[in-house]
Amino acid sequence: MEAPSLGPSESLLTKLAAGHQEVDRIMDEVEAIYHSQPTEWLVVEPIGSMVCHLWYEDEDEFEDAVGGSFEEFLRVLPHVKLRENAQGKAEFKILKPNPDSKPLVLTLHIQGRSDLWRVLFKAPDARIEIPHLEFEVGQSNKRQIDTVYNHITNAVWNLSAHVRGRTDLSEEYINAVSDTIGQLNELLDVEKPFEFCVHDPTGFSVFKPSDGVVEEVLGGADLKLQEDLDIQKLVADAEDAD
């Protein structure tokens, strides 16, 4: 399955998979640098230079690795905000999760292939659902930042790896998984509109751009999960206080 044709700066979107070790370590380093500083806003250029020279010979090599400049890299991240300061230099800050966020379901109506290149910041406790396929991607132990396209292709890869070379699985089960893989691959052509939902009991997940995304307050099992998380946090805070 070929990826959709990309715009001038969109090539970096294909490399934003949280499972991509190189890009993931860049995001980890940026977040670590930001949280080590006392100021809310940091100037982009010196931080970019610092990150670039950690693992690359120069900025050109960095741009080849991620598909764009450091500033362009930051601009596609849903949890990063940029502005221009009084000196005309770009600054950024990393948005912190709001502890008062309500449990939400985010629904993106995929109308065309351009919607596949929206970037989703998926919180660790969130799960993805594609309702008409009755398909879900579960929780993870780390935040995931990726395009909708890559979230789907990652699911395809994981399902393929799950059944590849297995002799302990029934033929019926393998055929069912193969059918699901085929249906997921068909979604990448967007021959028909479909819904891509994120169930987030923490309310931290966000799409970028977010226009047209429908937000609904969670209930039921998802709300119970949020209550369990709140209890775990209270217990952890109590233990820290001791």
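The model is predicted.

**The negative patch**

On the surface, E45, E57, D58, E59, D60, E61, E63, D64 and E72 form a patch of negative charge. Helix α3, residues 59-66, supplies the largest share of the patch, with 5 residues.

**Strand β4 and its partners**

Strand β9 (residues 194-200) pairs with β4 in the antiparallel sense over 7 bridges. Within this pairing, V105 stands opposite H199 of β9. Strand β11 (residues 214-217) also pairs with β4 in the antiparallel sense, over 4 bridges. Here L106 has E215 of β11 as its bridge partner. In a regular strand, side chains alternate between the two faces of the sheet.

**Salt bridges**

Side chains of opposite charge can pair when their charged atoms come close. The model contains 11 salt bridges. The table lists some of them.

| Salt bridge | N to O distance |
|---|---|
| K93 and E40 | 2.9 Å |
| R113 and D189 | 3.7 Å |
| D168 and R166 | 2.7 Å |

The side chains of K93 and E40 meet in a salt bridge. K93 belongs to strand β3 (residues 90-94), while E40 sits in the loop between α1 (21-35) and β1 (42-43), so the pair ties together parts that are 53 residues apart in sequence. Is K93 buried or exposed? Its relative accessible area is 16%; because buried means under 20%, K93 is classed as buried. E40, by contrast, is partly exposed at 47%.

The side chains of R113 and D189 also meet in a salt bridge. This pair links distant parts of the chain, 76 residues apart: R113 lies in the loop between β4 and β5 (119-122), and D189 in the loop between α6 (171-187) and β9. R113 is partly exposed, with a relative accessible area of 30%, and D189 is partly exposed at 30%.

In the salt bridge between D168 and R166, D168 is exposed, with a relative accessibility of 56%, whereas R166 is partly exposed at 32%. Elsewhere, salt bridges with shared partners join D28, E31, K142 and R143 into one network.

Notes. Residues numbered from 1 in each chain as written. Predicted model: local features only at pLDDT ≥ 70, side-chain atom pairs only at ≥ 80, totals over all residues. Heavy atoms only, no water. Patch = residues over 30% accessible without salt bridge, like charges linked within 9 Å, V, L, I, M, F, W, Y side chains within 5 Å. Areas by Shrake-Rupley, 256 points an atom, 1.4 Å probe, with all protein chains shown as cover. Salt bridge = Lys/Arg side-chain N within 4 Å of Asp/Glu carboxyl O. Lys, Arg positive; Asp, Glu negative; His and termini not counted. Charge placed at Lys NZ, Arg CZ, Asp CG, Glu CD. Helix = DSSP H or I, 4+ residues; strand = E, 2+ residues; numbered from the N terminus. Pairing = 2+ DSSP bridges. Buried < 20%, exposed > 50% of the residue type's maximum accessible area, 1.4 Å probe, protein only.
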